[in-house]
Each structure stands twice: as structure tokens, then as C-alpha cells.
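I opened this notebook to record how the parts of one protein chain are arranged and joined. My entries follow the structure shown here.

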Amino acid sequence: MKKFILGTAMALVMSTAAHAETVGVSMAKFDDNFLTVLRNGMTDYAKTLSGVTLQVEDAQNDVSKQQSQIQNFIASKVDAIIVNPVDTDATTAMSKLAADAGIPLVYVNRQPVNVDTLPDNQAFVASNEQESGTLETKEICRILGGKGKAVVIMGELSNQAARMRTQDIHDVIKTDECKGLEIVEEQTANWDRTQGADLMTNWLSSGIEFDAVISNNDEMAIGAIQALKAAGKDMTKVVVGGVDATQDALAAMQAGDLDVTVFQDAAGQGKGSLDAALKLAKGEKVDKKVYIPFQLVTPENVKDFVTKN
């Protein structure tokens, strides 16, 4: 009887170990409001799953550091890797590292440059960036009645999302409904609130006139708002838009400062990327591209989004 009990206990331990999974996660940087929500969504979800352990690392916006983290995950023999890329143009090498090691890899939020040629055990989970900048710019165009001058604040140019969202802006302005819009300035503020404020301060000091601020994300838009208000500008006379629908952005909208944002489900992307990684680790098939829809947020529906991000 003792041997039977001992054998049963050992079998249960081995069964539990066989189903335990360790996932290495490399985030571009921890010090980012949106990515913090994404990371927390992933870690909170992992806590609800039996036998799942996350090793979460901060790449500190350093491509070399992120590549080293991936190599360390491989050396540690994790079951899967999730990467929020620092530089979306550097993902081909990362994919090769994971593929050569036979470890599944999932990119989250930022589209890898090799998204259309990912190996069989790799995937991409995010929202379709063609929707984000398009929804934002169409709404700004509608508010302005299809005409006016705009400044564009771009994210990091090494990032696919920044390039795509900026292209969305130009594509919307080419349409008949919005061809009366003119871009008078277009510069990067690297997704950063402080840099967004500094850029706006420089534009105001240069005497640039505009009716709208079209920002690639909320953080830069909030920075621009801070600079506009510091300069004594009437916020009812300028339309400001961003992307992400962070809590700070929603608060700015409720205060009457931000006019448009686009909800990107950060926590949903975190959960989706972990689901995809675990499925791949089990040998299950996953779509190469898993998209979570964007949603337009305006002062009329802002209350619906206050608790989502």
C-alpha cells in the first residue's frame, strides 16, 4: 500500500511538472504607461493560470540588452518567449535565435519587421495600426470640418507603430473629405511626454500656427497639452488627439483638454500574447497575426473606457 501511495504521489508531481511552463518576457521598457498596463495585464493573467511562471525583464529601450535577454531565456531553457521589441527592425535576428533553439516566440504590441515571414512557432499579437491613426485623424478631420492646419508628433521612428500611424495620418488627409487639412510641422518626440512638451514649446516659440495636434500616442499629446496650457493657449481653440486611451489621457479628455484618443486594449494584448505563447509551447497552432480591435474614444463615450486601461 505504501509503495502504491508513494508511486501515485510521484506520478502527480511528475504530471504537475510536465504541465508547468516558464515564459521569458522581454519588455522594451518598464517606464512607459501603456506598456506598464500591458505588462500588468500579462502578469495578472499568469497568476490565474496553474503552473505558469513568468520571467519578466526590462530591456530599458536598449536593443543589445534585449537580445541578451533573449539569449539568456534560451540558455535557461524557457518554454516560450514573449518580446515587446525595442526596435522593430531588429526582430529578424531575434526570430532566428529562438527558431534555432526550438523555442516558441511571440511578439506583442509592436509589429516585427519580419511579421510576414515568421517561423512556424512564432506569432504576433497586437492591434492593427492601420486602424489607430486612421480613426484618430478622421475624427480630428470631422471636428475641424475637413480643413485647417495641423502639427504631427511622431513616436520613435525605429518603431513600426510610429511609421504606420504617421502614414495613416497622411492617407486620411489625401481623401476628399479631409484634403483641406495641411500638415505644417511633423517631428518625433519618441513616445515621451516630456519630449512632447519640449517639442510643442519649440513650435510655439517659433510662431507656428495650427488648429490641431495629431500625436502618435497619448503621452506625447499630454506633453503638448501641458506646453499649450503653460503658454496660456485656449484649449477650446485647438484640437488634440492621441492613441492608447491611457488613464491619464482619459482624465485629460474629461477635463476638456484632449479631444480624441483611440482605445488600444493593453491588458488584452498582454493576455493574448501569453495565451499564444502557451499554446505554441504545447505544440498547438496559433494564427501568425492576432489582432485586437481599436476603438475610437471621444468626450461622448469616454466614461465607457475609464476602467479599461
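This is a predicted model: local features need pLDDT of at least 70, side-chain atom pairs count only at pLDDT 80 or more; totals for chains, interfaces and linings use all residues.

Residues are numbered from 1 along each chain as its sequence is written, and side-chain values use heavy atoms, with hydrogens and water left out.

Entry on domains. I looked up the assignment, whose bounds come from an automatic or database source. Domain 1 comprises 21–127 + 265–292, and domain 2 spans 131–264. Taken over C-alpha atoms, the two centres are 29 Å apart.

Entry on the interface. I counted contacts (heavy atoms within 4.5 Å) and found 14 residues of domain 1 touching 13 residues of domain 2. For buried area I used the accessible area (1.4 Å probe) that two parts lose on being put together, summed over both. Domain 1 and domain 2 bury about 1,100 Å² between them, with 37% of that area from carbon and sulfur atoms. N33, F34 and D265 supply 37% of the area that domain 1 buries against domain 2, more than any other three residues.

Entry on charged pairs. How many salt bridges cross the interface of domain 1 and domain 2? I found 1 there. I also recorded that D89 forms a salt bridge with R163, the closest N and O atoms lying 3.4 Å apart. The total by this rule comes to 13 salt bridges. One further salt bridge joins K289 and D116 at 2.8 Å, N to O. I located K289 in strand 11 (residues 289–291) and D116 in the loop between strand 4 (105–108) and strand 5 (122–126), 173 residues apart; strands here are DSSP runs (E, at least two residues), helices likewise (H or I, at least four), numbered from the N terminus.

Entry on annotation. An unreviewed UniProt entry gives "domain: Periplasmic binding protein" for residues 23–285. Over residues 23–285 I read 45% helix and 20% strand.

Conventions: A salt bridge is a side-chain nitrogen of Lys or Arg within 4 Å of a carboxyl oxygen of Asp or Glu. UniProt positions are given in the numbering used here, feature names are shortened, and annotations may be inferred rather than shown by experiment.
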